[in-house]
Amino acid sequence: MAFASIRLVWLCALSWFCCASIALAQGKDALIVPWTEWPGSYELDGQGQLTGFYAELARLVASEAGYEVVFVEYETPQAALAAQRTGVTDILAGVSEIPLLDTNEFSSPIGQTAVYLFVREEAGASSDMDDMIGQRIGVIAGTSGSEYGDLDGRAGRVVEFANARAAFGALILGDVSGVVTTFKLATDLLKQTRLDYRVKTLEPELASQAIHVAISPNSIVDVDDINSAINRLSQKGILEDLLRRWNVHPPEPAGDVLTVGVAHFPPYQVVAEDGRFTGFGVEALREIANRAAIEVVFKEISREEWVRGPRSGNYDILPPLSVTKDRAVKMMFTDPLQESPYSIFVRAGEDRSVGSLADLKGLNVGFVKTNWAAQFVHEMGGVVQFAYDADIDLLDALLNGEVDAALYATETFRRLLEREDALAGVRQVDPPFAVSQRAIALRDGLALVRERMDAVIPGYLSSDEYQRLSAEWLTEPKFWTQKRVYWLIFGSILTVSSLLIFFIVFVWRSRARAIRVSRKMEDLTRRYSAILNTASCGILAVTKKGEIMQANKSAAQLLAFEEAARIEDMPWPDNVLFLDPKDHSILDQSSNPVNRARSGAILRSEKAVMKIGDTDEFLYVNISSTPVMSPSQPEISAVVILDDITNQEISRINEQRVSRFDALGQLSGGIAHDFNNILGTIDYANSLASKSANQDQISYLNIVSQAVSRGSALTNRLLTFAKEKVGVVQDVSIANLFAELKALVLPTVEASIEVTFEVSPEEFFVLCDPSQIENVVLNLCINSRNAIIESGLGGHIRVGADFDGACAVIFVEDDGPGMDRSVLSRASDPFFTTRKNAGGTGLGLAMARGFAESAGGEFSLTSTPGEGTRVEIKLPAVRKSVETTISEETAVTYGNGETVLVVEDQDILREVTSIVIEGLGYEVVCAESGEAALEMVVEGLQFDLLITDIVMPGSIGGYELAVEVRQRRPTVPVLYMSGYSGSDNTEYPMLGERLGKPCSPAELSGAMARALRGGKLSPTDFH
């Protein structure tokens, strides 16, 4: 025994010396790590390499910290722990802070290992911790978690076992009711023995212990280096992957629906272009899951996800794949479904005698990194290895001579050769060099799912469904299958039968074809007739003689024919005439568009005017034509298309008329504005001249003043016409209104028509805009005049006004032709007119109705055919006596020496205005523009009132100037003057009263006094 211990120590020292020498040669310190074989913690893989959670964790942490590791084997775990405690070894990774290592220093936590109570997975088994009261509970001596075996006093007896295998054997046999240990220790054993489906954990966990890297007292390792390495590995996610892969952390339980990952790997796994998942492995898994009552869904995964294997949060199951030791560590497998042969493939035609793996020495051998065949290449010696990512890359390398041989799954590679049309260039070496077992792979935590699948796999493998699936996907298809032979016989019989009856069918079809052609022609004729008669434009077939050979329904309606179907070789109707668009005279034969069309001319949407019969209405049409050159129809000269555009043309004419009126209005507005400035200059000059004139001169100056007033009234009407003056509602004297109307109406009506005005002797007033009511009554009189002249009936127009209670009734009545009921019902609609060809706009009565309603009154229209028409407008009215006293409007107010800033761009008007204002008792400062006035204000000019024109040249107008002045002098009042009277659409605020040009000195003085005194005048202001 002593000799064995001495030998072990010498072996450890020798191993340490050798590895330390290698590490020293590489420039790294070597750390000794103790190990003893324990499933899942320390174990040897197929190539004799040490693996397991503790081994991989030690390598990871040491490498990250800059150290090499040297593993020294011990016979028992106790011996390994003793070596670490006494400092014979340097580090031990993945351990808890247990008393046996009280001399060691521990790193920061790597993770948590949980302690659970494990019980049997069977019907009626315990599912609650309280079920363990008084029961026998097993623990594993000297391991983490054994101290929790009494279950907080619930256990009747704690039974200690030497190792995990003995403890869980007792649990399965029923000698104990539960086993308390860490999750990793239990899972490593149960997965190795495939008893994981017989045992389950009870929640919650009994305890959670941190695991560390233990550093012995004699180690050269700095704990800070180890902690930094652990922190970096944790941030990269490497530690978490390691903890889950080696069962340190419990996996997620099985869900109700499990996800199957599918990577395109024909013929086993196929992702079709339409997104379907199929292939031998996919269909086999689908049927096994159905038989085991397991609900699954499929998703496409990448090759990298396929290599990593199933894991929680991504996918749960993989279709059958080759089982290797490395894969068995990362995932669980069901019983095998299939044995898959693997073969050597070489280029065809080469004289190399390759019959087995031994013949590949000295050659370049290719394989796919993730394929099962890779392990054979790694174990072979004397070959040059070429690893590829995908099977297509391996095939390309073989075909282009990069490798001499390729190792791959036989059926998969043959199907790849067929798909790439490369079968002739590659030879398969028989027999296969190895056969792999293919099984369904599952992630950890699905042990019960695995067992349910294992229960149905034997029955499925012996079923007809499995045999058909294998034949469909894994067997080379035969060309002459039973189905194809059947179809060949059937096709031969069908061909012979067809030849026998061909003659009979040919005769019958010839007769039937003649009938079909006849019916088709009839149907075609009806179809073309339907199309022609549905067209909105008129279509005519015209002969060289000018006759109409054919016409559609729209042409018949347009030309006033009775029925289109009866039109055949009909001469052009004499009552359909084409007129000159300018003077509406009848066109001669050479200009007639139909005559030009039948003579061979091509017309393209020519506009023409037509008149049908004796009516006064005109039709506007677009005419197009195409000559007919068909030998089968020599009698047809041309096809003429008539498109009725009467409504569009009238709309266009009205739009042109409105545009001309707008242009005339704008011109009138500009003239009136400038004329108001001239009248203002004359009025102020006349007022100044009258102060020093004698009596005779004053009489002449009064005539000038009256002329200015008449000119001002005229410009106001021009501005109203130009829409530059918004109507002002005021009290309008009916007597004065009719006096004005008489002067307007009589010159516009022929002397053959008698016009009488009848006004009530009682003076009364209506509240409205005088200009609007004048225009309305004038339009009504013109309407009556047009009706009388154009019809030749009647000859008298009455215009009158009566006072009826609180309303004034203004009427226009004539004895003309009147209107029938249909016309009367639409007469006041906008744009309705019976005078389209005479220039009627259809707006006269509509404007009258609109005026009456906007003035708060009523509109009525009565008419009787042959007796005349009467239009009445009722407006609110009041009786009012004429005041003879002089109002404030005619009195002159004077100032008290206040300073007035006058801004006017017209030199003469600015000069006379300043003289008038000075004569009213004010000091005057003048500016010729808004810019000049603003410059004075900025320089500190003191003044009491700003009088400014509104429209001035330059960038600053009257409104802008008033705002700028108010920003600097908030209390200065403002008075506007403009040749435009009425409201303005402006974004600037109205900061004062506005006077229209011209205005009398009295009006100007009153407005100035109101502005300076806040809108109020006292008796002392008039003197």
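**View 1. A network of salt bridges joins Glu758, Arg798, Glu813, Arg870 and Glu872.** A salt bridge here is a side-chain nitrogen of Lys or Arg within 4 Å of a carboxyl oxygen of Asp or Glu. Arg870 counts as partly exposed at 21% relative accessibility, whereas Glu872, at 19%, counts as buried; buried means under 20% relative accessible area, exposed over 50%, and partly exposed in between (1.4 Å probe, protein chains only). The model is predicted, so that local features need pLDDT of at least 70 and side-chain atom pairs count only at pLDDT 80 or more, while totals for chains, interfaces and linings use all residues. Residues are numbered from 1 along each chain as its sequence is written, and side-chain values use heavy atoms, with hydrogens and water left out.

**View 2. Asp316 and Arg443 form a salt bridge.** Their closest N and O atoms are 2.7 Å apart, and both residues are buried.

**View 3. Arg450 pairs with Glu451 in a salt bridge.** The closest N and O atoms of this pair lie 2.9 Å apart, and Arg450 is buried, with a relative accessible area of 2%.

**View 4. The largest nonpolar core has 70 residues.** Such a core is a set of buried Ala, Val, Leu, Ile, Met, Phe, Trp, Tyr and Cys residues joined through side-chain atoms within 4.5 Å. Those with the most contacts inside this core include Ile317, Leu360 and Phe413. Apart from this core lies another, of 41 residues, among them Leu737 and Val871.
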